[in-house]
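Subject: Structure handover and notes

Hello,

Here is the structure we spoke about. Please open it and keep it on screen while reading the notes that follow.

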Amino acid sequence: MAPGTRTTFWKVIFPIMKPMHATVAVLTGLAVWNDVMTLLVIMGGSGVYTLPLAQMSFQTAFGTDYPLAFASYLLAMLPMIIFYIFAHKQIIGGVTNGAVK
């Protein structure tokens with residue numbers, strides 16, 4: 001019995017593409033997580049803020065509250081760092097697979 005196209009994809013091609021999927025997920029997640037302008041347009045004036053919009057409140061035209069700003073930056077990076085910790089094996093595997101001929 002010959003395997004179908006779907007079986008071939010899920011058992012052969014998809015496992016080979018795991019590192020690529022992990023890399024795309026990290027890069028897309030970072031781009032969406034750090035998007036400020038779209039959130040500013042959509043949620044502007046509603047009183048509800050996401051992390052990037054809340055971080056803008058620590059910076060004014062006359063100064064910056066550095067301790068609070070850097071604490072919020074660390075908290076904003078935490079979910080992406082945790083995601084990278086879980087996906088780093090696939091990302092490193094993709095980098096090494098692409099570097100070896």
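In which helix does Gln 90 lie? Gln 90 is in helix 5. Please note before going further that this is a predicted model.

Gln 90 and its contacts

Gln 90 has a relative accessibility of 29%, so it counts as partly exposed. A residue is called buried under 20% relative accessible area and exposed over 50%, with partly exposed in between. If residues up to four places away in sequence are not counted, Gln 90 touches Lys 18, Pro 19 and Ala 22. Within the chain, Gln 90 is 16 residues from Leu 74, and the C-alpha atoms of these two are separated by 24 Å.

Helix 2

Helix 2 covers residues 18-33, which is 16 residues. From its first C-alpha to its last, helix 2 reaches 22 Å, close to the 22 Å expected at 1.5 Å a residue.

Other residues of helix 5

Helix 5 consists of residues 66-99, and Met 80 has its place there. Is Met 80 buried or exposed? Met 80 counts as buried because its relative accessibility is 18%, and the limit for buried is under 20%. Leaving out residues up to four places away in sequence, Met 80 touches Gly 29, Leu 30 and Trp 33. Val 48 is 32 residues from Met 80 in sequence, and the two are 22 Å apart in space, C-alpha to C-alpha.

Ser 72 lies in helix 5 too. With a relative accessibility of 11%, Ser 72 counts as buried. Which residues is Ser 72 in contact with, leaving aside its neighbours within four places in sequence? They are Gln 55 and Phe 58.

Ile 92 is another residue found in helix 5. Its relative accessible area is 45%, so Ile 92 is partly exposed. Between Ile 92 and Leu 30 there are 18 Å in space, C-alpha to C-alpha, and the two are 62 residues apart in sequence. Leu 30 is also one of the residues that Met 80 touches.

Helix 1 is made of residues 5-16, and Val 12 lies in it. Val 12 counts as partly exposed because its relative accessibility is 45%. Which residues form a nonpolar patch on the surface? They are Phe 9, Trp 10, Val 12, Ile 13 and Ile 16, and together they have about 500 Å² of accessible area.

Thr 7 lies in helix 1 as well. Thr 7 counts as partly exposed, at 36% relative accessibility. Along the chain, Thr 7 and Leu 68 are 61 residues apart, and their C-alpha atoms are separated by 52 Å.

Regards

Conventions:
Residues are numbered from 1 along each chain as its sequence is written. This is a predicted model: local features need pLDDT of at least 70, side-chain atom pairs count only at pLDDT 80 or more; totals for chains, interfaces and linings use all residues. Side-chain values use heavy atoms; hydrogens and water are left out. Patches are made of residues with over 30% relative accessible area and no salt bridge: like charges are joined within 9 Å, nonpolar side chains (Val, Leu, Ile, Met, Phe, Trp, Tyr) within 5 Å. Accessible areas come from the Shrake-Rupley method with a 1.4 Å probe; for residues, only the protein chains shown count as cover. A salt bridge is a side-chain nitrogen of Lys or Arg within 4 Å of a carboxyl oxygen of Asp or Glu. Helices (H or I, at least four residues) and strands (E, at least two) are DSSP runs, numbered from the N terminus. Buried means under 20% relative accessible area, exposed over 50%, partly exposed in between (1.4 Å probe, protein chains only). The expected span of a helix is 1.5 Å times one less than its number of residues. Contact means heavy atoms within 4.5 Å.
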